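Reader: I'm new to reading protein structures. Could you walk me through this one, a step at a time?

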Amino acid sequence: MKKIYHLSSCSTCQRIIKEINPNDDVILQDIKTEAISENQLEHMKTLAGNYEALFSKRAQLYRKLGLHEQTLSENQYKDLILEQYTFLKRPVMIINDQIFIGNSKKTVGEAIMAFNS
């Protein structure tokens, strides 16, 4: 399975998808219009190792809700991601059993190589 969880209104996600230039076999899921299911999040967590790796601490709500002043549990990370799409670190790119999370240059480069192999 090849899938990219992204936000269509995010210019960074758009740029990365353009760089990857995905084939027709890649599923693109806009997390704003098609919410992440609990099963999808579980699959991401299995590949990533934990929910915290999938959680965006850059989201505006993170500070607004005072979450930066708390120590969150894995279940809290999970619940927050499921409740509000903005807490998913974007994009999340899955190629079979590999996961690439976020938009760092290194991560995007590795994802591009994986998508093109």
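Reader: Which residue is the bridge partner of I94 in β4?

Author: Happy to start there, and please keep in mind that this is a predicted model. Strand β3 covers residues 92–95, and β3 and β4 pair in the antiparallel sense over four bridges. The bridge partner of I94 in β4 is I99.

Reader: What is the order of the strands in the open sheet?

Author: Strands of a sheet pair through backbone hydrogen bonds, either parallel or antiparallel. Here the pairing is mixed, and the sheet has four strands. The edge strands, each pairing on one side only, are β2 (26–30) and β4 (98–101). Reading across the sheet, the order is β2-β1-β3-β4.

Reader: What angle does the direction of helix α2 make with that of β4?

Author: Helix α2 takes in residues 38–48 and packs on the sheet.

Reader: How far apart are the axes of α1 and α5?

Author: Two packed helices are described by the angle between their axes and the distance between the axes. Helix α1 (residues 11–20) and helix α5 (residues 105–116) pack at an angle of about 35°, and α1 passes α5 in a right-handed crossing. The contact is made by I16, E19 and I20 of α1 with V108, I112, F115 and N116 of α5. As for the distance between the two axes, the value is 9 Å.

Definitions and conventions
Residues numbered from 1 in each chain as written. Predicted model: local features only at pLDDT ≥ 70, side-chain atom pairs only at ≥ 80, totals over all residues. Heavy atoms only, no water. Axes fitted to C-alpha atoms, helices over the stretch in contact; angles between N-to-C directions. Helix = DSSP H or I, 4+ residues; strand = E, 2+ residues; numbered from the N terminus. Left-handed = near helix turned anticlockwise from the far one by under 90°. Contact = heavy atoms within 4.5 Å. Pairing = 2+ DSSP bridges.
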